Structures are given as C-alpha cells and as structure tokens.
Amino acid sequence: MTIDQASTSVFPKHPGLGYPSVDRARGVRLYTTDGRTILDACSGGAMAAGLGHGVGDIVDAAAASVGGILYYYAHHFTNQPQEKLAERLTGLAPEMTRVRFQSGGAEANETALRLARQYHVDRGESGRWLVISAAQSYHGATMATLALSGRAGLQAPFGPYMAGHLHIPPCTERFDPTGEAALDALDEALERAGPENVAAFFCETVSALSLPGYSPPDRFWEGLAERRERHGFLICLDEVVVGLGRTGRWFAYEDLPITPDIVTLGKTLGAGYTPLSATMCRAPVYDALAGGSQEFDLGHTWDGAPLSCAVGLAVIDYIDRRGLVERVAGRGPALRDELESAVSGCEMVGRVRGRGFLLGVEYVDPRDGTSILPSSAGLADMVDSHALDSGLLVRSTPADSNRWAGDQTLLAPAFTSTDEELSEMIERFAQVVGEVERIVKDRLPNGAAK
Ligand SMILES: Cc1ncc(COP(=O)(O)O)c(C=O)c1O
C-alpha cells in the first residue's frame with residue numbers, strides 16, 4: 001500500500017509524494033505491504049544496510065544486549081560493548097587512539113568539529129575556528145554540518161544559521177583533474193581566512209551522494225598535508241558512508257598518501273540495525289585535551305550505549321568473519337566495468353565512477369554530451385521514481401546551483417549481494433536510464449540532435 005498524504009499523520013520528507021510502506025526485508029529485497037518486491041541497490045536507501053537485511057547474527061547480538069543491559073549514560077558509566085568496540089576500531093585503524101561513539105553521521109561530524117576546535121583552544125590558539133571544506137559535499141543535516149557543504153540548494157532557507165566557513169572546488173575530471181587548481185583555491189582560502197584562524201580542513205575521503213565515487217588525486221592530498229604542516233590546522237575525514245568496507249578497505253583513507261587527524265564513521269557501523277556512529281582521533285589530538293582542559297563533555301543521550309555498541313561489534317565480527325572487505329575489493333573493479341558497459345549506449349551518461357561497492361553515474365545534456373542539464377529537466381527525481389516503479393532502489397542527487405556536478409545517481413549495494421543480484425541491479429538500472437533518456441530527449445528542445 002502506498003501511504004498518501006491524506007491518510008497519514010507522519011510529517012513526510014516531501015509532502016507532495018506518496019510513500020510505499022515496507023514491512024519486511026531479506027538480503028537485498030524489500031517487500032511492500034501491497035505485495036511488491038524492490039531490489040535494494042542502495043543499502044536501504046541511505047547506504048547504511050551494508051550487510052543486507054535480516055542478518056540473524058546481528059539480530060541475536062541486539063536481542064542479547066536488550067535482554068542484559070539496555071541503557072545507561074556515558075556521563076556516569078562505561079560498558080563492555082563500548083570498551084570492546086573502541087578497542088576493535090583502534091585495532092583496525094592503528095593510527096587512531098581514541099573513539100567517541102554517537103548515534104548518527106551528523107553527530108559524529110559535529111563531534112569532529114568540536115574536537116578540532118577544543119584541540120586548538122586547549123593548545124592556546126583560541127582564534128582558530130574556521131573550517132575549509134569541499135564545495136560539493138555533504139556532512140549531515142544539522143546546522144553546523146550543513147554549513148560545511150558548499151551547496152546553496154541544501155542550505156536554503158537556513159542561510160542565517162550557516163557559519164561562515166570557506167569552500168574549495170572539487171578536483172573532478174571536468175574542472176581540475178590534477179588537483180592543482182584546488183590547491184590554489186586552498187591557498188586563497190587560507191589567505192582570506194588568515195591561516196591562524198583555520199581549525200580544520202574537512203572532506204569526504206571518497207564522496208557518496210554529493211559526487212559518488214569521487215576522491216581527489218594524490219597530488220591534492222600531498223599538497224593538503226604540506227599545508228597542514230605549514231599552518232597547523234587538522235585534517236578531518238568524513239567516512240560516514242565509506243568507512244568499514246564500502247570501498248574495499250576497512251577505511252578509505254588507507255588508500256591515501258596522508259594520515260588524517262580525525263575520522264568519522266556511521267552507516268555501516270550500525271548497518272541499519274541500530275543508530276551508531278563514531279569519531280576517532282590520533283594521539284596528539286586526544287593528548288591536547290587530556291593534558292589541557294581535561295574536558296570534552298558535550299554529547300548525546302545514546303553516546304556509547306551498550307545496545308548500539310553490541311550491534312557495532314557484531315557487525316564488525318560479521319564483516320571480518322565473512323571476508324566482506326576482501327569481497328568488495330575483489331568484486332568492485334568488475335562491477336564498475338559492468339556498469340560502464342551497461343550504460344555505454346546512453347548519450348545522457350557523462351561519466352561512471354566507482355570504488356568498491358560505491359558506484360556513481362554523472363549525467364550530461366544528451367544534446368552536446370558535456371553540459372550539465374538544466375534543473376528544469378528534473379532528471380535526478382525522474383531516475384529515482386522510474387527505478388522505484390520498476391522495483392529498483394537507487395539514490396540520485398540533482399545538480400546544485402554551484403554547478404560543480406550534474407545530476408548523479410549512486411548505487412551502493414550491500415557487501416553481501418551475490419554476483420547474480422549485482423548483475424540484476426546493473427541490468428535494471430541501465431534499463432531505467434535508457435527509458436529516462438528517451439523522455440528527456442523528447443522534452444528538451446532539439447532533444448534528438450547530438
Ligand atoms: C558523507 C556523509 N556524511 C554524513 C552524513 C550524515 O549522516 P546521518 O544522516 O547519519 O546524520 C551522510 C548522510 O548521508 C553522508 O552521506
């Protein structure tokens with residue numbers, strides 16, 4: 001049954017839309033109450049359900065925790081699941097020495113912001129508060145994290161709440177394949193802010209919805225590290241989507257020529273079974289606070305709660321035991337090739353990107369094969385709704401007014417997807433793109449002429 005707006009008291013995301021109701025899910029299949037089956041190519045739609053739905057081991061771990069200790073507050077107590085999960089994560093990420101847990105990605109990123117700020121204050125540099133971040137990015141829906149994204153389309157109408165952080169363009173193939181222009185922009189931003197006022201550089205290691213599958217070239221990362229050395233800001237990497245296996249590494253930063261100071265995790269850590277996220281930091285960051293104010297107090301009710309951390313431990317055990325990081329690393333390149341070849345006949349597809357089980361398609365105007373489509377074409381919404389109508393869940397992002405990227409679609413299947421399921425996702429997606437391309441061409445003036 002699709003719940004329409006006349007028959008619900010829920011405040012929906014888009015009041016104009018009706019929503020199918022899902023009451024059961026197994027593996028990568030969602031079952032709606034009106035009898036439809038949806039193939040989930042996006043880990044629940046928010047890239048969280050990376051192990052697929054209904055995994056008995058995780059459900060059992062949650063049930064055992066609820067039957068034992070359900071909840072008490074990290075202000076007063078610690079608990080074994082929290083202790084073990086922190087130890088497990090620092091074992092997997094030996095560069096990081098401390099972990100603070102929260103419930104969602106935005107909370108993890110806000111914690112990273114507070115941590116970076118507190119680090120500088122405790123070292124006597126209280127002028128440092130500004131953040132430089134990538135213009136085409138996403139770090140969460142709270143006011144502080146929204147301010148890190150340079151996307152006016154997301155920030156309107158909350159402009160008055162947005163802190164005056166600075167943004168630099170992404171170094172995509174379209175604008176800056178070497179990363180040199182982004183480094184120049186970083187220098188300009190540092191100059192404009194005054195480097196002594198900059199607390200952190202913040203970005204996604206590999207982008208998700210904002211630029212699916214994109215990561216800056218090595219030259220950019222190396223230049224960023226040189227500037228960190230020179231100017232003393234921290235590097236915070238948002239791995240809320242990519243951390244814990246999605247790119248075929250436990251942490252996507254393992255592929256970078258630099259080591260970050262603070263890293264955030266979310267999504268796969270709770271894998272859709274519980275809200276869970278984390279902020280990890282290197283020893284010097286923790287030591288500055290431990291030897292300074294000795295305080296990092298503000299937090300959230302569910303920080304480090306036993307239930308969430310027990311689920312997080314079971315998730316990591318499951319990924320480890322089943323060799324899912326290796327599976328994603330091994331299968332990812334061929335998956336990307338399959339996607340590329342499936343959509344190769346579409347004039348509307350400008351580029352395919354991909355790392356592991358994080359794949360992205362960027363669309364262009366089929367009339368010239370390079371321009372970004374006008375937003376009036378409504379391409380992103382059309383792809384998602386046609387996909388859902390044909391029983392496929394993917395997630396698209398419309399082009400922002402910043403014009404750093406065109407409309408895009410993200411595919412982020414569960415790490416447990418079988419080869420057959422992956423092939424079905426790609427095949428169905430290519431059909432959807434083909435259908436939507438025909439509609440777009442019909443609607444655009446001179447649409448058929450390339
Ligand atoms: C890269 C990235 N960071 C942070 C977030 C925010 O996570 P949450 O929605 O759990 O607050 C998201 C959400 O999609 C994300 O994609």
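Is Arg 227 buried or exposed? Arg 227 counts as buried, at 7% relative accessibility. The model is a predicted one. The protein is divided into domain 1 (2–54 + 324–443) and domain 2 (57–321). A search of the whole structure finds 25 salt bridges, and 3 salt bridges are counted between domain 1 and domain 2.

**Domain interface**

- The centres of domain 1 and domain 2, taken over C-alpha atoms, are separated by 26 Å.
- Domain 1 puts 41 residues into the contact, and domain 2 puts in 41 residues.
- Interface size is often quoted as the accessible area lost when the parts come together.
- Here, about 3,300 Å² is buried between domain 1 and domain 2. Carbon and sulfur atoms give 60% of that area.
- On the domain 1 side, Val 325, Arg 355 and Trp 404 lose the most area to domain 2. Together they account for 22% of what that side buries.
- Polar contacts also cross the interface of domain 1 and domain 2: the rule finds 16 residue pairs, both residues at pLDDT 80 or more.
- The side of domain 1 that touches domain 2 draws at least two residues from each of α10 (324–342), β13 (349–355), β14 (358–363), β16 (395–397) and β17 (408–411).

**A salt-bridge network**

- Side chains of opposite charge can pair when their charged atoms come close.
- Glu 173, Arg 174, Arg 351, Arg 353 and Glu 362 are linked in a network of salt bridges.
- One of the pairs is Glu 173 with Arg 353, whose side chains meet at 3.3 Å, N to O.

- Arg 321 and Asp 57 meet through their side chains in a salt bridge of 2.5 Å, N to O.
- Arg 321 lies in helix α9 (residues 306–321) and Asp 57 in helix α1 (residues 56–67), so this pair ties together parts that are 264 residues apart in sequence.
- Arg 321 is exposed, with a relative accessible area of 54%. Asp 57 is partly exposed, at 36% relative accessibility.
- Arg 227 and Asp 187 form a salt bridge between their side chains at 2.6 Å, N to O.
- That pair links distant parts of the chain, with Arg 227 in helix α7 (residues 218–231) and Asp 187 in helix α6 (residues 180–193), 40 residues apart.
- Arg 227 falls under the 20% cut-off for buried residues. Asp 187 counts as partly exposed, at 27% relative accessibility.

**A salt bridge within one helix**

- Glu 437 forms a salt bridge with Lys 441, and their closest N and O atoms are 3.6 Å apart.
- Both residues sit in helix α12 (residues 419–443), 4 residues apart, and are separated by about one helical turn.
- An α-helix has 3.6 residues a turn, so residues three or four places apart point the same way.
- Glu 437 is buried, with a relative accessible area of 8%.

**The buried face of α8**

- In helix α8 (residues 283–290), the buried residues are Val 285, Ala 288 and Leu 289.
- Seen down the axis of α8, these buried residues fall within an arc of 95°, so they line one face of the helix.
- The cover over the buried residues of α8 includes α3 (105–122), β10 (234–239), β11 (262–265) and β12 (277–281).

Definitions and conventions: Residues numbered from 1 in each chain as written. Predicted model: local features only at pLDDT ≥ 70, side-chain atom pairs only at ≥ 80, totals over all residues. Heavy atoms only, no water. Buried < 20%, exposed > 50% of the residue type's maximum accessible area, 1.4 Å probe, protein only. Arc of directions from axis to C-beta. Contact = heavy atoms within 4.5 Å. Domains from an automatic or database assignment. Buried area = accessible area lost by both parts, 1.4 Å probe. Salt bridge = Lys/Arg side-chain N within 4 Å of Asp/Glu carboxyl O. Polar contact = N/O pair within 3.5 Å; in protein donor to acceptor, adjacent residues only side chain to side chain.
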